Structure formats: C-alpha cells, structure tokens
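Student: Hi! I have a model open and would like to talk through its side-chain packing. Can we start with the rings?

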Amino acid sequence: QVQLVESGGGLVQAGGSLRLSCAASRRTVSSYAMGWFRQAPGKEREFVAAINWSGISTDYADSVKGRFTISRDNAKNTVYLQMNSLKPEDTAVYYCAASGRSPLRAQSSYNYWGQGTQVTVSS
C-alpha cells in the first residue's frame, strides 16, 4: 500500500519561506504524478501544485505561481513544495497526493493522500 507522510509545516512570518516534504512508501514518486493541495478553515480543498512522474512538467495554481516550486527526488522517494514570499492567505493544511491519471488539478485524479501538515503564516 502507498503511504504518504507530509512534514515541514509550521509557523512563519509573512514574507518568509517554508519547505514541505512528502515522503512516500515504495517507488511512488517516480511512478506517479504528485500533487499538493491545501485546505484553509471554512474553505474547500484546493489545488496548489503538481509534477508529473518524470519531473519535466509542473503546474501551479494562479495564487501561488511565482512563489511556490514543486520538485521531486526519486532516489529519496520524496516530493517537495518550496514556499517563498508567504502570505497570511496561504495558511492552510497542506496535503500531498499521488495520482495515476490526469488532469492533475482535479482531486479525483489522485489515488493516495497524506494526512496533511499545518502551515500558518502570521501578519
């Protein structure tokens, strides 16, 4: 069974940076497209970023484009989300997920989900 565990969340000041990690069991990162989603209090879970199995193609939500970078390390079986210039509206629980199909912006495309890690950005 594929298991995903997020880490790296925490409290950061606006304008600061955090790097989230998602460690996967088995050969997940190199075999599946990977995505990051987030859910803020009182809001629906939304797409943040995705990367295909080869790492060549990436996609970002407009709200994070230019600030966040998704990457993967197949040798470590880990996917990352580098978050820079953080804003209070980035506060949410962040989830990583593994997908076996497209489109990667759709939650329904993902088969496996982590438990999430809290990111809080203070003003």
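Student: How many aromatic pairs are there?

Tutor: The count comes to five aromatic pairs. Keep in mind that this is a predicted model.

Student: Let's take F37 and F47. How are their planes set to each other, and how far apart are the centres?

Tutor: The planes of F37 and F47 are at 75 degrees with the ring centres 5.7 Å apart, so this pair is edge-to-face. F37 belongs to strand β4 and F47 to strand β5, so the pair ties together parts that are ten residues apart in sequence.

Student: Which residues do ring pairs link into a cluster?

Tutor: F37, F47, Y110 and W113 are linked that way.

Student: Changing topic: which residues touch the most other members of the largest nonpolar core?

Tutor: Those are W36, L81, M83 and Y94, in a core of 36 residues. Among the elements that give two or more residues to this core are β3 (18–24), β4 (33–39), β8 (78–83) and β9 (92–99). As a general point, nonpolar side chains in soluble globular proteins tend to be buried together.

Student: Let me follow up on Y94. What is it in contact with, leaving aside neighbours within four places in sequence?

Tutor: The contacts of Y94 include W36, F37, L81 and M83. E6, R38, G116 and T117 are also among them.

Student: How many disulfides are there, and which residues are joined?

Tutor: There is one disulfide. C22 is joined to C96, with 1.9 Å from S to S.

Student: Is that disulfide right-handed or left-handed?

Tutor: The torsion about the S-S bond of C22 and C96 is about 50 degrees, so the disulfide is right-handed. C22 lies in strand β3 and C96 in strand β9, so the pair ties together parts that are 74 residues apart in sequence. Both cysteines, C22 and C96, are buried.

Student: What's in contact with T78, leaving aside neighbours within four places in sequence?

Tutor: The list for T78 includes C22, along with S21, A23 and V29. R72 and D73 are in contact with T78 too. T78 sits in strand β8 and is buried, with a relative accessible area of 9%. A polar atom of the T78 side chain lies 2.8 Å from the backbone oxygen of K76.

Student: Last one: where is S54?

Tutor: S54 is in the loop between β5 and β6 (58–60). Its relative accessible area is 19%, and S54 counts as buried because the cut-off is under 20%. A polar atom of the S54 side chain is 3.3 Å from the backbone nitrogen of I56.

Student: How far apart are S54 and A33 in space?

Tutor: They are 8.2 Å apart, C-alpha to C-alpha, while S54 and A33 are 21 residues apart in sequence.

Definitions and conventions. Residues are numbered from 1 along each chain as its sequence is written. This is a predicted model: local features need pLDDT of at least 70, side-chain atom pairs count only at pLDDT 80 or more; totals for chains, interfaces and linings use all residues. Side-chain values use heavy atoms; hydrogens and water are left out. A nonpolar core is a set of buried Ala, Val, Leu, Ile, Met, Phe, Trp, Tyr and Cys residues joined through side-chain atoms within 4.5 Å. Buried means under 20% relative accessible area, exposed over 50%, partly exposed in between (1.4 Å probe, protein chains only). Helices (H or I, at least four residues) and strands (E, at least two) are DSSP runs, numbered from the N terminus. Contact means heavy atoms within 4.5 Å. Rings of Phe, Tyr and Trp (its six-membered ring) pair if their centres lie within 6.5 Å; planes under 30 degrees apart count as stacked, over 60 as edge-to-face and the rest as tilted. A disulfide is a pair of cysteine sulfur atoms within 2.5 Å. A polar contact is a pair of N or O atoms within 3.5 Å; within protein, one must be able to donate a hydrogen and the other to accept it, and residues adjacent in sequence count only if both atoms are side-chain atoms.
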